[in-house]
Amino acid sequence: MTELTSKTRKQLEKLAHELNPVVIIGQNGVTDSLVRMVSDSLEAHELIKVKFNEYKDDKFEYSEDIAMRTNSTLVRIIGNIAIFYKENDDPEKRRIKIKA
């Protein structure tokens, strides 16, 4: 997991504003297949939104669990949507350029 500065966090939040949730947590909760889906989405997009349709009271714990299991960073939780970021390992495939 990458530690984000407040400036970087704001940049990522701004980029995520236009995104639609790519993963939705429903009645099955956080399963291995859901974590795999989040991981695959992060590999493809680097920055994603995950929506909680169920387990809204547990969204903070579940989001931390997802971040840990996918080795990503939880940028922020806004309402029932969590924003995750994971920089691509390959510099040529990185889609998001963070300003220092």
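Colleague: How many salt bridges does the count come to?

Modeller: The structure is a predicted model, and in this model the count comes to 4 salt bridges.

Colleague: What makes the meeting of Arg-76 and Glu-13 a salt bridge?

Modeller: The rule asks for a side-chain nitrogen of Lys or Arg within 4 Å of a carboxyl oxygen of Asp or Glu, and the side chains of Arg-76 and Glu-13 meet at 2.6 Å, N to O, so the pair is called a salt bridge.

Colleague: Why is Glu-13 called buried, and why is Arg-76 called partly exposed?

Modeller: Buried means under 20% relative accessible area, exposed means over 50%, and partly exposed is what lies in between. Glu-13 has a relative accessible area of 19%, so Glu-13 is buried, whereas Arg-76, with 36%, is partly exposed.

Colleague: How do you know that Asp-65 forms a salt bridge with Arg-69, and where do the two residues lie?

Modeller: The closest N and O atoms of Asp-65 and Arg-69 are 3.3 Å apart, and the cut-off is 4 Å, so the pair counts as a salt bridge. Both residues lie in helix H3, 4 residues apart, which is about one turn of the helix. Asp-65, at 24% relative accessible area, is partly exposed, and Arg-69, at 35%, also counts as partly exposed.

Colleague: What makes the pair of Glu-87 and Arg-94 a salt bridge?

Modeller: Their side chains meet at 3.6 Å, N to O, and this value is within the 4 Å of the rule, so the name applies. Glu-87 counts as partly exposed at 37% relative accessibility, and Arg-94 counts as partly exposed at 26%. Elsewhere, salt bridges that share partners join Asp-32, Asp-65 and Arg-69 into one network.

Colleague: Which residues of H3 are buried, and how do you know that they are on the same side of the helix?

Modeller: The buried residues of H3 are Lys-59, Ser-63, Ile-66, Ala-67 and Thr-70. They cover an arc of only 100° around the axis, and therefore they sit on the same side of H3. The face turned away from that buried side carries the exposed residues Glu-61 and Met-68, while what covers the buried residues includes strand S1, helix H2, strand S2, strand S3 and strand S4.

Colleague: What does Ile-66 contact, leaving aside its neighbours within four places in sequence?

Modeller: With those neighbours left aside, Ile-66 is in contact with Ile-25, Val-30, Leu-34, Val-38, Ser-72 and Phe-84. In the largest nonpolar core, which has 16 residues, Ile-66 is one of those that touch the most other members, and Ile-25, Leu-34, Val-38, Val-50 and Phe-84 are the others. At least two residues of this core come from each of S1, H2, S2, H3, S3 and S4, and H2 supplies the largest share, 4 residues.

Colleague: Why is Asn-88 called buried, and what does its side chain reach?

Modeller: Asn-88 lies in the segment after S4, and its relative accessible area is 14%, which is under the 20% cut-off, so Asn-88 is called buried. Its side chain reaches the backbone nitrogen of Asp-90 at 3.0 Å. Leaving aside its neighbours within four places in sequence, Asn-88 is in contact with Glu-43, Glu-46, Lys-93 and Arg-94.

Terms used:
Residues are numbered from 1 along each chain as its sequence is written. This is a predicted model: local features need pLDDT of at least 70, side-chain atom pairs count only at pLDDT 80 or more; totals for chains, interfaces and linings use all residues. Side-chain values use heavy atoms; hydrogens and water are left out. Buried means under 20% relative accessible area, exposed over 50%, partly exposed in between (1.4 Å probe, protein chains only). The arc is that of the directions from the helix axis to the C-beta atoms. Contact means heavy atoms within 4.5 Å. A polar contact is a pair of N or O atoms within 3.5 Å; within protein, one must be able to donate a hydrogen and the other to accept it, and residues adjacent in sequence count only if both atoms are side-chain atoms. A nonpolar core is a set of buried Ala, Val, Leu, Ile, Met, Phe, Trp, Tyr and Cys residues joined through side-chain atoms within 4.5 Å.
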